[in-house]
Amino acid sequence: MKRILAAITLSLTSFIALSHNLTIGELLPQVTIAEKGYVDLVEGEFEYRQWSTGELQNKVILVQHIAGRTSAKELNEPMIDALKSSDFPFEKYNTATLVNLDDAIWGTGAIVASQIKSNKEEFPDAIFVVDEDGDLRNQWGLTEDSSAIILLDPAGKILFIKDGEMNPTEIDNVIGLINANI
């Protein structure tokens with residue numbers, strides 16, 4: 001009986017870990033965000049515009065797809081801290097934070113949007129996208145209420161994908177992949 005339970009647990013864990021439909025070496029599937037979308041800072045004012053994943057090209061780009069909740073943001077904070085300390089050249093590298101407001105705790109959407117605007121002021125060159133309906137998570141098959149890290153080469157091909165919390169070895173691997181591709 002214990003072996004059967006262990007086998008079921010292992011197969012469910014594997015399914016959850018591999019639940020996304022993204023593949024290393026392939027282009028990131030195209031998704032367009034029409035509602036909200038790209039957060040832009042124009043003459044001190046915030047504006048939203050339609051955005052497409054096709055814009056994630058011409059640089060090595062680390063995509064952080066996160067649910068609009070603190071617990072999801074904290075999952076991969078060590079990865080983001082490693083990026084900040086690496087100080088990659090903007091001409092060859094950028095970060096894209098894609099926030100799923102559909103996964104925000106009810107009533108906190110305005111707080112999440114305010115935090116995104118604050119981050120855009122602190123990092124004006126970084127890409128921030130608000131996905132109000134969860135289109136990215138749904139179309140890519142990502143885990144609900146979580147955080148995913150996707151590293152893209154300049155052509156938009158996936159170099160690395162992790163849906164969920166990254167460990168130190170994975171963080172080192174991503175930093176190495178960025179260095180090798182910029």
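Is the crossing of H3 and H6 left-handed or right-handed? In this predicted model, the crossing of these two helices is right-handed.

## Packing of H3 and H6

Two packed helices are described by the angle between their axes and the distance between the axes. For helix H3 (residues 77-86) and helix H6 (residues 168-181), the axes come within 10 Å and cross at roughly 35°.

On the H3 side, the contact is made by Pro78, Met79, Ala82, Leu83 and Ser86. H6 contributes Ile171, Val174, Ile175 and Ile178. Sorted by class, the contact of H3 with H6 has 8 nonpolar residues and 1 polar residue, with no charged residues.

Strand S1 (residues 32-42) and strand S2 (residues 45-52) run antiparallel and are joined by 7 bridges. Thr32 stands opposite Ser52 in S2.

The two strands form a hairpin, with 2 residues between S1 and S2. Glu43, in the turn, has a positive phi of about 50°.

## Gln64 in S3

Strand S3 (residues 60-67) contains Gln64. This residue counts as buried because its relative accessibility is 6%, and buried means under 20%.

Which residues are in contact with Gln64, leaving aside its neighbours within four places in sequence? With those neighbours left aside, Gln64 is in contact with Lys73, Asn76 and Ile80, with Ala96, Thr97 and Leu98, and with Ser147, Ala148 and Ile149.

Key: Residues are numbered from 1 along each chain as its sequence is written. This is a predicted model: local features need pLDDT of at least 70, side-chain atom pairs count only at pLDDT 80 or more; totals for chains, interfaces and linings use all residues. Side-chain values use heavy atoms; hydrogens and water are left out. Axes are lines fitted to C-alpha atoms, for helices over the stretch in contact, and angles run from 0 to 180 degrees between N-to-C directions. Helices (H or I, at least four residues) and strands (E, at least two) are DSSP runs, numbered from the N terminus. A crossing is left-handed if the near helix is turned anticlockwise from the far one by less than a right angle, and right-handed if clockwise. Contact means heavy atoms within 4.5 Å. Ala, Val, Leu, Ile, Met, Phe, Trp, Tyr, Cys and Pro count as nonpolar, Asp, Glu, Lys and Arg as charged, and the others, Gly among them, as polar. Two strands pair if DSSP finds at least two bridges between them. Buried means under 20% relative accessible area, exposed over 50%, partly exposed in between (1.4 Å probe, protein chains only).
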